[in-house]
Amino acid sequence: SGASREISLTMIRARMVQHLRSRCAFICLVMILILWWWPLEVYAAIDSGNLLDNALLKFQTAAAGWGPYILARASWLFGTLATISLVWTMGQLALRRAEIGEFFGEFLSFTLMTGFFWWLLTNGPTFALQIIDSMQRIANHASGLGSTTSPSRVVDLGFDLLHRVLTQSTIWSPVDSIFGLVMSSIILVVLALIGVNLLVLYVSTWILAYAGIFFLGFGGSRWTSDMALGYYRTVLALGAQLAAMILLIGIGYSIITNYYTLMRSNVSLEEEAVVLVASIMLLTLVNKIPPLIGGLAMGGGVGALGSGVSLVSA
């Protein structure tokens, strides 16, 4: 009959749908197992090595290209303010009917001060980079990190730990594997925040050295010359922050590296917890100490240039 035929077709369709579902589930399981055991280098399209260093190089190249144009605009501003200041000074002397000696003295004083600020303007990027580079070299040699400190140096350690945990993870101990991956990922985030804090200071160095030279154009007038001097105070504060952060990273990196080298071939959750605590300690220090040191160059203020990227903000 028609009713029995419809029932038979419905049962056949249900069996086909169930069969397709089981096959799809089996294929998905096989794909997950293949991806789980597949080497990380095969499907990692983006190289994790020197990640922050490559970003820093791009910022450095871009900032260096700004220099000529901004310097030209700052020079125009300097000349305009210097002309206004000269006309105002000579006009005041003329209204007072000053003697020729007073005119000559004021003109000589104006020429010396204007020439000094013009010298600071034309050599602004060079002086700024030399100040910061000298403080950076002092901190590098004092901390034992060598001639340079790389923002990716700490982050690469987190990627290495994550790679070790991935390679030892197995489906036969899923709970330990999941907790190990989660904890190693948190360690990577904390170490990445430390590297980003250092990257922020490096990027600030290049932006301040080239984009900030516009404020040196205000040195052409005696009424706005404090803004030009503030440029070099900010450079000194930034160099002090960078030196303090390098010193802290030098100490913390040696501690974390020591814990990492003492780990067994099979990383345990307790060992990862120790590295995590050490990483959080280092992140807290690099957020609190450098602004304190940088504030000394800004007149004793605390946190004059900010406190970096913290774990809470992440």
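A228 is found in helix α8. The model that shows this residue is a predicted one. A228 is buried, because its relative accessible area is 2%, and the cut-off for buried is under 20%. What does A228 touch, leaving aside its neighbours within four places in sequence? A228 is in contact with F117, F215, L216 and G219. Take F215 from that list. A228 and F215 are 13 residues apart in sequence. In space, their C-alpha atoms are 5.6 Å apart.

Now step back to the whole chain. The protein has 314 residues, and 36% of them count as buried. How many helices and how many strands does the secondary structure hold? It comes to nine helices and zero strands. Read along the sequence, the pattern is α-α-α-α-α-α-α-α-α. Next, look at which parts of the chain touch.

Helices can be looked at in pairs. Two packed helices are described by the angle between their axes and the distance between the axes. Start with α3 and α4. Helix α3 covers residues 51–95, and helix α4 covers residues 100–122. Their axes come within 11 Å and cross at roughly 165°. That angle makes α3 roughly antiparallel to α4, because angles over 145 degrees count that way. The crossing of α3 past α4 is right-handed.

Which residues make this contact? From α3 come L71, A74, S75, F78, A82, S85, L86, T89, M90, L93 and A94. From α4 come E102, F103, E106, F107, F110, T114, F117, W118 and L121. Sorted by class, the contact of α3 with α4 has 14 nonpolar, four polar and two charged residues.

S85 sits in helix α3. Is S85 buried or exposed? S85 is buried, with a relative accessible area of 2%. Set aside residues up to four places away in sequence, and S85 touches F110, G220, S221, R222 and W223. F110 is one of the α4 residues in the contact with α3.

G220 leads on to another residue of α4. M113 lies in helix α4. M113 counts as partly exposed, because its relative accessibility is 46%. M113 and G220 are 107 residues apart along the chain. Their C-alpha atoms are separated by 8.7 Å.

The second pair is α5 and α8. Helix α8 covers residues 225–262. How do the axes of α5 and α8 cross? They come within 8 Å and cross at roughly 20°. That makes α5 roughly parallel to α8, because the angle is under 35 degrees. The crossing of α5 and α8 is right-handed.

Here is what meets what. In α5, the residues are G124, F127, A128, I131, I132, M135, Q136, A139, N140, A142 and S143. In α8, they are Y231, Y232, V235, L236, L238, G239, A240, L242, A243, I246, L247 and G250. By class, the contact of α5 with α8 has 17 nonpolar, six polar and no charged residues.

Side chains of opposite charge can pair when their charged atoms come close. How many salt bridges does a search of the whole structure find? The search finds one salt bridge. In it, the side chains of R137 and D133 meet, at 2.2 Å from N to O. R137 and D133 both lie in helix α5, which covers residues 124–143. They are four residues apart, about one turn of the helix. R137 counts as partly exposed, because its relative accessibility is 42%. D133 also counts as partly exposed, at 32% relative accessibility.

One more helix is worth a look. S177 lies in helix α7, which covers residues 174–210. S177 counts as buried, because its relative accessibility is 5%. S177 and L166 are 11 residues apart in sequence. Their C-alpha atoms are 8.1 Å apart in space.

Note on methods. Residues numbered from 1 in each chain as written. Predicted model: local features only at pLDDT ≥ 70, side-chain atom pairs only at ≥ 80, totals over all residues. Heavy atoms only, no water. Axes fitted to C-alpha atoms, helices over the stretch in contact; angles between N-to-C directions. Helix = DSSP H or I, 4+ residues; strand = E, 2+ residues; numbered from the N terminus. Parallel < 35°, antiparallel > 145°, perpendicular 65-115°, else oblique. Left-handed = near helix turned anticlockwise from the far one by under 90°. Contact = heavy atoms within 4.5 Å. Nonpolar A, V, L, I, M, F, W, Y, C, P; charged D, E, K, R; others polar. Salt bridge = Lys/Arg side-chain N within 4 Å of Asp/Glu carboxyl O. Buried < 20%, exposed > 50% of the residue type's maximum accessible area, 1.4 Å probe, protein only.
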